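This briefing covers the fold, the surface and a few local features of one protein chain. The points are grouped by topic.

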Amino acid sequence: MEALFDVPFLGLLFQLIDYLIDTLPRIAPGILAGAVPIALGAMTGFMCERSGVVNIGIEGMMLTGAFVGFAAGSIAVNALGTMDGLTVFGITAPLVIGMLAAVLSGLVIATVFAWLVISVRADQIIAGTIVNIAAVGVTSYLNRLVGSELGGAGSFRDWGGPDWLVDLPVIGWIFNMFLDQGPMGMSVIVIVIFLQIMLFRSRWGLRTRAVGEHPKAADTLGIDVIKLRYRNVIIGGALAGLAGGYLTLEATGTFQNNMVAGRGFIALAALIFGRWTPVGAFIGALVFASSERLGIAIGIRPPSGELGEVLSVLPNQFWAALPYIITIVILAGVVGRSIPPAAVGKPYEKESAS
């Protein structure tokens with residue numbers, strides 16, 4: 001392999017492949033950890049857009065879930081006192097309370113959003129923008145007001161998986177990637193597979209696809225379009241709240257202003273990349289997270305040889321911006337080829353009987 005490194009131009013490619021083979025198994029758990037909030041946000045977009053509702057307020061729902069989960073966990077610690085966690089995942093009552101509060105906050109925000117875009121038939125883009133702006137303003141204000149009094153509830157611990165499984169040659173690192181996570185991170189795999197099966201193998205999935213493509217036809221077949229859209233948007237909001245709760249209750253254990261940092265918008269790009277399917281969106285989330293973690297790995301342990309010299313020229317800001325650059329590239333290159341549900345973004349008004 002090293003003999004190929006000296007081939008002009010192509011040698012850099014071979015060096016990169018060798019570096020990825022050596023590095024990816026070590027950073028794999030971090031890649032999935034970075035993909036979790038993006039994937040959950042993409043599942044929110046999936047639930048909404050497959051039923052005909054554009055939701056760009058995912059960012060705000062995630063940020064609200066992050067703050068509410070952190071605050072609820074902190075309040076629970078003050079009320080119940082410090083508690084010893086369970087052996088598995090380090091689960092404590094305050095952490096569970098915080099997680100449930102995060103999910104509930106996303107559900108509440110999604111209910112208001114659903115009322116605006118489904119019942120009132122407000123512009124869906126404007127409604128989502130309002131959610132984002134309100135979330136940034138309210139959470140920043142509350143954090144400044146009471147943030148110093150919130151000590152947090154700690155964070156869920158990673159499991160790690162059995163040694164005999166994660167130490168398997170060649171494929172052990174893949175198991176380690178999915179098992180070296182906390183309960184919220186591991187739940188993403190279950191949620192993605194469940195939604196993928198439900199979309200193509202259940203009556204709910206068939207009705208969701210029908211409402212997203214042709215709501216009037218679905219209505220004539222007896223499907224309650226308004227009810228189904230409400231239900232899907234609200235469930236999607238709960239998933240966005242879970243994504244926010246993951247950031248404060250499992251990934252970091254603390255809350256920072258605007259800590260979602262654009263992940264809600266990247267989630268929409270992952271959804272488009274995955275052609276509005278759960279598994280495809282999850283793969284898109286992994287692509288974005290891989291670019292971020294790889295940039296960190298290069299900064300800590302850059303490759304040797306000419307490749308290292310080339311990459312060392314790039315500033316650290318480039319690696320920080322890489323996920324967002326990839327977002328722009330994918331939106332520019334994939335949007336034209338990905339066909340969204342035909343009725344997405346179009347309010348529906350049930351025709352009155354004459």
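**Backbone and burial briefing**

Val-170 is exposed, with a relative accessible area of 70%. Val-170 sits in the loop that joins helix H5 (163-166) to helix H6 (172-179). The model is a predicted one, and the protein in it has 14 helices and zero strands.

- Most residues other than glycine have a negative phi.
- Val-170 is not a glycine, yet its phi is positive, at about 70°.
- Ala-261 also has a positive phi without being a glycine, with a value near 50°.
- The loop between helix H10 (225-251) and helix H11 (263-273) holds Ala-261.
- Ala-261 has a relative accessible area of 34% and is therefore partly exposed, as that class runs between the 20% limit for buried and the 50% limit for exposed.

**Fold and dimensions**

- Read from the N terminus, the order of elements is α-α-α-α-α-α-α-α-α-α-α-α-α-α.
- The radius of gyration of the protein is 22 Å, which agrees with the value near 20 Å that a compact globule of 354 residues would have.
- Along the principal axes, the C-alpha atoms fill a box of roughly 80 × 55 × 40 Å.
- Among contacts in the protein with a separation of 6 or more, 78% are between residues 24 or more positions apart.

**Surface and charge**

- Buried residues make up 49% of the 354 residues of the protein.
- The protein has an accessible surface of about 17,100 Å², and carbon and sulfur atoms account for 67% of that area.
- There are 20 positive and 22 negative side chains, and the centres of these two sets are 15 Å apart.

**Helix H13**

- Helix H13 spans residues 305-312, and its residues Leu-307, Gly-308 and Leu-311 are buried.
- These three residues cover an arc of only 100° around the axis, so they lie on the same side of H13.
- An α-helix has 3.6 residues a turn, so residues three or four places apart point the same way.

**Val-146 in helix H4**

- Val-146 belongs to helix H4, which covers residues 124-146.
- With a relative accessibility of 29%, Val-146 counts as partly exposed.
- Val-146 and Ala-71 are 75 residues apart along the chain, and their C-alpha atoms are separated by 9.2 Å.

Technical notes
Residues numbered from 1 in each chain as written. Heavy atoms only, no water. Helix = DSSP H or I, 4+ residues; strand = E, 2+ residues; numbered from the N terminus. Rg over C-alpha atoms; globule rule 2.2 N^0.38 Å. Buried < 20%, exposed > 50% of the residue type's maximum accessible area, 1.4 Å probe, protein only. Contact = heavy atoms within 4.5 Å. Areas by Shrake-Rupley, 256 points an atom, 1.4 Å probe, with all protein chains shown as cover. Lys, Arg positive; Asp, Glu negative; His and termini not counted. Charge placed at Lys NZ, Arg CZ, Asp CG, Glu CD. Arc of directions from axis to C-beta.
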